[in-house]
Amino acid sequence: MSYQAHFKVWRGDADGGGLRDFTVEVNEGEVVLDIIHRLQATQTPDLAVRWNCKAGKCGSCSAEINGRPRLLCMTRMSVFEQSETITVTPMRAFPVVRDLVTDVSFNYAKAREIPAFVPPADLKPGEYRMSQEDVGRSQEFRKCIECFLCQDTCHVVRDFEENKPAFAGPRFLMRIAELDMHPLDAADETGLDRKRAAQEEHGLGYCNITKCCTEVCPEGIKITDNALIPLKERAVDRKYDPLVWLGNKIKRRGQ
Ligand code: SF4
Ligand code: SF4
Ligand code: FES
């Protein structure tokens, strides 16, 4: 069963642009990316869109559909009314390159600012041991496909461009949380305090746990509940209670 849908698609570049109207065929089972591809094939061959896997796994096709950050390839046309006008715009928090393609290099810069896992000095690869509970905790965060929809939706940078230098965003605060709760990470033995860095260098205090990042995550990662809130709790312990900090350190060494 096919029908004709009405789309508004943002077209333009860094110098400006606007919404353009299209009427386009939709077939059963299609997703929004199929419709964008049909527009390219039939009406607007130079429409720029970034995509790779069409399976929700590469994180390339991030955009905004009716103002909500979503993956184009994982948004089924059946979630909309056939009479509805569907608006497709580029991610708002990042500079436009052209049409639906944005420059997400802000995220790569933030990723580079976070020091990697520090292996324990007294263990060789192959000797690492972790409890299944600890493995499960970081595995949730490892599902991240780096679509940056959480970064796009977070009001700290979405509405306030000036916060970008001081705020890593949910995806990268989650990375710090993952490393900080890793039982084998020996960062503090090298003088690197991940909790302090989260607060003072990556803007953890800007996050007011609205959970908007969690709501748009296509991998269903509980970014706020499982990463940001625990990191905030530990950062507060670290800052205000040196005995808690010392206790945690001794416990970790004894594991
Ligand atoms: S919970 Fe924090 S990081 Fe997530 S969207 Fe809200 S303010 Fe941003
Ligand atoms: S945490 Fe979720 S929303 Fe954020 S980049 Fe990873 S997969 Fe995308
Ligand atoms: S094309 Fe890979 S996530 Fe959409």
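Strand β1 (residues 3-13) runs antiparallel to strand β2 (residues 16-26), and 11 bridges join the pair. Two residues separate β1 from β2, and the two strands form a hairpin. Within this pairing, F7 has F22 in β2 as its bridge partner.

## Overall layout

The model is predicted. Its chain holds 10 helices and seven strands. The C-alpha trace spans about 65 × 40 × 30 Å along its principal axes. Of the 255 residues, 31% count as buried. Among contacts in the chain with a separation of 6 or more, 64% are between residues 24 or more positions apart.

## Domains and their contact

The domain assignment divides the chain into domain 1 (3-102) and domain 2 (105-254). Their C-alpha centres are 32 Å apart. Contact between them involves 13 residues of domain 1 and 13 residues of domain 2. On the domain 1 side, strand β4 (residues 68-71) provides the largest share, three residues. By class, that side of domain 1 consists of seven nonpolar, three polar and three charged residues.

## Nonpolar core

The largest nonpolar core has 50 residues, of which L173 and L231 touch the most other members. Helix α6 (residues 170-180) contributes the largest share of this core, with six residues. The core lies between domain 1 (3-102) and domain 2 (105-254), because both give residues to it. In soluble globular proteins, nonpolar side chains tend to be buried together.

Helix α6 is mostly covered, with 11 of its 11 residues buried.

## Surroundings of the two ligands

Ligand 2 has 14 residues around it, and C144, C147, L149, C150 and C217 come nearest. The shell around ligand 2 contains 11 nonpolar and three charged residues, with no polar ones.

A186 is located in the loop between α6 and α7 (194-200). Is A186 buried or partly exposed? A186 has 17 C-beta neighbours inside 10 Å, so it counts as partly exposed; a buried residue would need 20 or more.

Not counting residues up to four places away in sequence, A186 touches V118, P119, P120 and A121. A186 and D99 are separated by 87 residues in sequence, and their C-alpha atoms are 44 Å apart in space.

Notes. Residues are numbered from 1 along each chain as its sequence is written. Chains are lettered from A and ligands numbered from 1 in the order in which they are written. This is a predicted model: local features need pLDDT of at least 70, side-chain atom pairs count only at pLDDT 80 or more; totals for chains, interfaces and linings use all residues. Domain bounds come from an automatic or database domain assignment. Two residues are in contact if their C-beta atoms, placed from the backbone, lie within 7 Å. Helices (H or I, at least four residues) and strands (E, at least two) are DSSP runs, numbered from the N terminus. Ala, Val, Leu, Ile, Met, Phe, Trp, Tyr, Cys and Pro count as nonpolar, Asp, Glu, Lys and Arg as charged, and the others, Gly among them, as polar. A residue is near a molecule or strand if its C-beta atom, placed from the backbone, lies within 6 Å of it. Two strands pair if DSSP finds at least two bridges between them. A nonpolar core is a set of buried Ala, Val, Leu, Ile, Met, Phe, Trp, Tyr and Cys residues joined through C-beta atoms within 7 Å. A residue is buried if 20 or more other C-beta atoms lie within 10 Å of its own, exposed if 12 or fewer, and partly exposed in between; C-beta atoms are placed from the backbone.
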